[in-house]
Amino acid sequence: GRTSIRINEDLRVWTTRILHQVFLGLDLTEAEGAEYMALQKRILIFGGAPEEALKIPGVTTVLKVDETLAEKATWLARYRDCLRVHLPEETAGMSETDLTVLASNVMDALLFAGGQSVPTVLQYALAMPYSEWGQENLPEDFCLCRSDQLSVYLWEVIRVFAPVSFFVYTERSFGNTPEQNVFLNIQMAQRDPRVWGPDAGKFNLRPIADYHKHSVGFCEGALDNGNLSGPNSRMCPAKDLAFAMSYAFMREFVISVARVAPERAHDMQTRVWVAKDAEGVNDLAPKDLELTMYGTTSFILSRNPSAEEGMPTLAERSGQELLDKLTPQELQIAEENVRRHNKFDRVNLHTNLLIRGVQLLPSIPSADSTTFVEAPVDMPISEDIVWHGPFEGLRMITQDEQKNLINHEFGVFVQRLVWGSLAAETKLDLAEKADDLVYFDDREEAVMSMDVTFGKVLPAQYNRWPGMSSDTSLASLCLSGVGAWY
């Protein structure tokens, strides 16, 4: 994975790549994303200048106006082609002029809306714990290693450091009065003590209901009779997308800290990711990282390799640790989804019978729980303690390390199942067709499915087995790992 994050350059490139995929189905390379951000920067520089000033030859040359407009035209042509493919029904009857207008609107959103606000939210969210301001204002128990705090943390970042500072609209003239440009100060509204209480100016993690009720950071109140698509609605149409992107990025950052620092000390993020200056050379002290209402000091977060020494990779982590990174709400949703659509229910008949047989076994007693079981010991395996099944290859150990007989109910069940199948002249189809395979959507679903299906029968994993490419390690797992369960 990435070992450094440039604040704010990498955040902007990541954001524009995601937005191009969502808006246009266009997969930009990292180089193309950087190129687009360079275009954005040039447009923002001369976008607010008086139009007449941009016509002065010297100014035009310095600001690369002609070059920028030509590059913009190239992107618009690319957008038109993508929109035809990505939105075939919506663009089917459009003229080239209308399609160009649509492409231009998309470009405005990518350059000035989400393309600016999402990386700004991420910039503040990442910088705050490393800054002097953050150390003085964040809750004492706050740490960017806790996903349960992440949602309200992002909402409070958006409230205190509004990524969109103001909103301007024009009130049309009625009669002889001139039109009025109305300036809405979102920053001040997000800190209004009449709404947020006397501590409106402080950074506090508030109940999430308060943000849904009072937030105006996305102009939530500017709806035309509650209709987002109404002609007079001015609310950000991509509010959910913007927050989802911010949350997804920060959640990955939290996981990168939590997997190394499970104790959740308040400064763990600073041990795993070190703040350095913009050149990535010197460590950045909290007093040198400034936060203003318009951004933060440019800096780099560099991953500390020593923080991960001796830590297992993701592939070596146990199933429970994968689930531990989910919030309680995410855990509940994952379990409910698996119970409704458990992919173990889609296996073939014989595997299903085997699963049902395992589930009929008595529950593992507490003495055999993961807190009691010790690491496997070296134990000679001789033929007199091995039970042989009805066909070659099915064998089970009948004696544990203390030479106690192991419960044999499972072995009896397997024997009866196999003999019953053979007696019925049932043939097992060992050649699965690739098209018939059912895949889990992610690692978490696989672990949750195992837990729902076998959680009351199998003990939790308690050992890691590195070096499984060797025959010796594989034999240890089979004899001391799986065999120890029964």
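In which loop is the place of Glu290? In this predicted model, Glu290 turns up in the loop between E4 and strand E5, the latter covering residues 291–292. Is Glu290 buried or exposed? With a relative accessibility of 51%, Glu290 counts as exposed, because the cut-off for that label is over 50%. Leaving aside residues up to four places away in sequence, Glu290 touches Gly295, Thr296 and Thr297.

Stepping back to the whole chain, the secondary structure comes to 20 helices and nine strands. The chain has 486 residues, and 37% of them count as buried. Looking at contacts with a separation of 6 or more, 65% are between residues 24 or more positions apart.

Next comes a sheet. Strands in a sheet pair up through backbone hydrogen bonds, and the pairing can be parallel or antiparallel. Here three strands make an open sheet, lined up as E1-E7-E4, with antiparallel pairing. Strand E1 (4–7) and strand E4 (273–276) stand at the edges; each has a single partner strand, so one side of each lacks a neighbour in the sheet. Going from one strand to the next, the twist averages 20°. E1 and strand E7 (residues 299–303) run antiparallel and are joined by four bridges. In one of these pairings, Ile5 has Leu301 in E7 as its bridge partner. A helix sits against this sheet as well: H13, spanning residues 239–258, packs on it and touches E1, E4 and E7. The direction of H13 makes about 115° with that of E4.

Now for the helix pairs. A pair of packed helices is described by the angle between the two axes and the distance between them. Take helix H1 (residues 9–24) and helix H6 (residues 96–112): their axes cross at roughly 155° and come within 10 Å. That angle is over 145 degrees, which means H1 is roughly antiparallel to H6. The crossing of H1 past H6 is right-handed. On the H1 side, Leu19, His20, Phe23 and Leu24 meet Val106, Ala109 and Leu110 of H6. Sorted by type, the residues of this H1 and H6 contact come to six nonpolar, one polar and no charged.

Helix H2 (residues 30–47) and helix H4 (residues 65–86) also pack together, at an angle of about 130° and with axes 11 Å apart. So H2 is oblique to H4. H2 passes H4 in a left-handed crossing. From H2, the contact draws on Glu32, Glu35, Tyr36, Leu39, Arg42, Ile43 and Phe46, while H4 brings in Val65, Thr68, Glu71, Trp75, Arg78 and Tyr79. What kinds of residues make up the contact of H2 with H4? They divide into seven nonpolar, one polar and five charged.

Finally, there is Cys219, in the loop between helix H12 (208–214) and H13. Cys219 has a relative accessibility of 12%, so it counts as buried, the cut-off being under 20%.

Key: Residues are numbered from 1 along each chain as its sequence is written. This is a predicted model: local features need pLDDT of at least 70, side-chain atom pairs count only at pLDDT 80 or more; totals for chains, interfaces and linings use all residues. Side-chain values use heavy atoms; hydrogens and water are left out. Two strands pair if DSSP finds at least two bridges between them. Helices (H or I, at least four residues) and strands (E, at least two) are DSSP runs, numbered from the N terminus. Axes are lines fitted to C-alpha atoms, for helices over the stretch in contact, and angles run from 0 to 180 degrees between N-to-C directions. Contact means heavy atoms within 4.5 Å. Angles under 35 degrees count as roughly parallel, over 145 as roughly antiparallel, 65 to 115 as roughly perpendicular and the rest as oblique. A crossing is left-handed if the near helix is turned anticlockwise from the far one by less than a right angle, and right-handed if clockwise. Ala, Val, Leu, Ile, Met, Phe, Trp, Tyr, Cys and Pro count as nonpolar, Asp, Glu, Lys and Arg as charged, and the others, Gly among them, as polar. Buried means under 20% relative accessible area, exposed over 50%, partly exposed in between (1.4 Å probe, protein chains only).
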